[in-house]
Amino acid sequence: MGEELCCSTQLIDGDGEFNVSGVEDFMRSVRLSECGLSYAVVSIMGPQSSGKSTLLNHLFGTNFREMDAFRGRNQTTRGIWLARCVGIEPCTIIMDLEGTDGRERGEDDTTFEKQSALFALAISDIVLINMWCHDIGREQAANKPLLKTVFQTPLEHLEPVLREDIQKIWDAVSKPEAHKDTSLSEFFNVEVTALSSFEEKEEQFKEQVAQLRQRFVHSIAPGGLAGDRRGVIPASGFSFSSQQIWKVIRENKDLDLPAHKVMVATVRCEEIANEKLSSLTSDDSWLDLAEAVQYGPVPGFGKKLSTILDYSLSEYDKEAIYFDEGVRTAKRQQLESRALHLVRPAFQAMLGHLRSKALDKFKGDLVKSLESGKGFAVSVRDCTQSSMHEFDQAYEDVAIKQADWDASKIQEKLQRDIDAHAVSVESAKLSELTSHYETQLTEGLAEPVESLFDASSKDTWASIRNLYKREIENALSGFRTSLSGFEMDRVTSDRMVVNLKDYARSVVEKKSREEASKVLIHMKDRFSIMFSHDKESFPRVWTGKEDIRKITKDARAAALKLLSTMAVIRLDEKPDIIENILKSALIEGPVAQDRISTASADPLASSTWEEVPPKNTVITPVQCKSLWRQFKAETEFTVTQAISAQEAHKRSNSKLPPPWAIAAIAILGFNELMMLLRNPLYLLVFFVIFLLSKALWVQLDVTRDFHSSTLSGILSLSARFFPTVMNLLRRLASEGQGLQQAPEPLPPPLRSQSFRSQSQRQSQLANPAPDVSSSSSTVSSPRNDIEYSIKRPKADSDGEASSASSVA
């Protein structure tokens, strides 16, 4: 036998202190905790130096200290010692108690003896009482007082050893009322074994001990010395149970073994549960699973986690199976609850992945369904049902059999998320749908309304109303069809239809107000077109035959009609008299003024129109009056130019002087005429002078120089006169000599040219559209003098007419 197998330790020292650490080390050395109920505790008591340790060492192979006979009788064992029996199954633990009647403690100090005896009876399955045969029948030597103390606390089952003495003791001790008539055999199995003296008959003693040893093999089997296993504390609770029992005995409290059993079971089951929970917390399989679930769904999650929990709970059951069933079950439930609490975050994370996956499926399926042309409401229903069904199927793989958790809250959250996304998509789709039809209405109304205002006529608002009705009917037809797929309530759909109608109206109103902000420009354009063009849209040429007053009145009337058209919004087809009010107040003149004075009120001195809602008013009456005043001031110049053009045209078309002038010339120039008739040479000289003057007139372009201003014409002529005369004389001389080379005209001085350019720019600003004949006569420079004399008068005449026309 190795020393390791027969290790021993002191359980309680001589001062009564329990050796907790020593017992724990002893239990780990002999692996007592693994024995469950398959172990037995054997203790021995008896007088000091009665050979208890020697008997135990020979009987169980222990190594308790034995008395040295040569040193005399003394206390060999102090306190209580603990050792493991060698070579006997099941595991048998031997307790060697301090002997009684020792002189070291004195005659009166029997407290420890009684306490140790009670302790041995409380935790031992078998109690050996060692005594000398010649002490039987003695009072003190036979330990009768000690046995009396033992029987007063029924801790173990004994059978009669010394039937007569023990029965007397049993009958004499005070017992609880419930067990007053209970026989000794109900609590104790008492057997007596006689052994030869070790000192006198050693060999015989050893043989008898060997036979007795066989009684302890399989002692816990039914019928064995410790066959009754009721109330046995599991081996893992031996240390704690022993410690608590000794504590109660030392404090002289009542020793309630059933309650003690429950207490030990409670403590040990709690310790076992904590150990298993700690093992679960550090279990690699659980840690890997918990980490994996943080990054995504784990296939077979429920099965894997259930297996891990099953292992922890089964390990608890193995270790706690021998403890009190009620305590064991309660602690198992607590362990299960704590374990489930530990794994619940991972379970919730897994459900979160399932919820996200189902929600993503809903989103993807909804997009595909809508793209296929299904109605929105139908698509939402189908996709929701499909996603929820997939979630339910996936949950079956996540469920843990140890827990009765349901996924109702996650399902509710998933449903809320689906509903929220559906509402979001519905809102986006409705917004997109509304935006589409609003764009359609804007394209169908904005530019056409602007065009109708540009062409403003008496039917402008009738055309706008027809356009508005046509476009809104087309838009609402498609809009209502699209809304039917959403299956929304009637109130909501009607509200959206009304909003679309309001938008269409706002487009027309906005465009009306935009055009009204440019009404003055439109009025001037309308006046210019009507005033400067005839009925066939050809530009007018002011020849003097046109009735400028009537033309001006008609053009102003057209501008006034445009102003009345833009003054208010007429989408409601309500008649109004705005045009008549404006016409009577702004065009009819004195007659209207008389009516105004008679009515003692100015119809335009107001900020509202009669019978027109303020929201439909675009240009107020007082604004119309101000705009008309500004319009007349800015178009007055055009009328004045037309009048001037007519007068200029009339002057340019007068070829002969008045008759009275002709008569005066004839009377006053009669003598000069007769002188020319008498001397024809004068006629030739005058003719030559006329030709030279005419050629010089054309060459210098006098009409063009004086067209802008007299001062600029004089300066220009003074700079070019002498060079032009010299050039003209050279040409005449060269023609007289028969030379055909053309004279080189001298360029005008820089100053005269720049002044002339300035004059031309001023002329162009004053005459924006000069006549073509005037332009050609100014640019052209024909070489033939005769051509100058023939064409120039016509050019001058046309030039003046075109000049007058352009001024108009």
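**View 1. Helix H2 is largely enclosed by the rest of the structure, as eight of its nine residues are buried.** In this predicted model, local features need pLDDT of at least 70 and side-chain atom pairs count only at pLDDT 80 or more, while totals for chains, interfaces and linings use all residues. Numbering starts from 1 along each chain as its sequence is written, and side-chain values use heavy atoms, with hydrogens and water left out. H2 covers residues 52–60; helices here are DSSP runs (H or I, at least four residues) and strands are E runs of at least two, numbered from the N terminus. Buried means under 20% relative accessible area with a 1.4 Å probe, protein chains only, and the list includes Lys52, Asn57 and Phe60. These residues pack against strands E2 (39–45), E4 (91–97) and E5 (126–129), plus helix H6 (202–214); contact means heavy atoms within 4.5 Å.

**View 2. The largest nonpolar core has 149 residues.** Such a core joins buried Ala, Val, Leu, Ile, Met, Phe, Trp, Tyr and Cys through side-chain atoms within 4.5 Å. Leu32, Tyr39 and Trp609 are among the residues with the most contacts inside it. H11 gives the largest share, 15 residues. A second, separate core of 20 residues includes Ala40 and Cys85.

**View 3. Helices H11 (residues 325–371) and H13 (residues 408–454) pack at about 30 degrees, axes 10 Å apart.** That makes the pair roughly parallel, a label for angles under 35 degrees. Axes are lines fitted to C-alpha atoms over the stretch in contact, and angles run from 0 to 180 degrees between N-to-C directions. Among the contact residues are Phe362 of H11 and His421 of H13.

Key
Angles under 35 degrees count as roughly parallel, over 145 as roughly antiparallel, 65 to 115 as roughly perpendicular and the rest as oblique. Buried means under 20% relative accessible area, exposed over 50%, partly exposed in between (1.4 Å probe, protein chains only).
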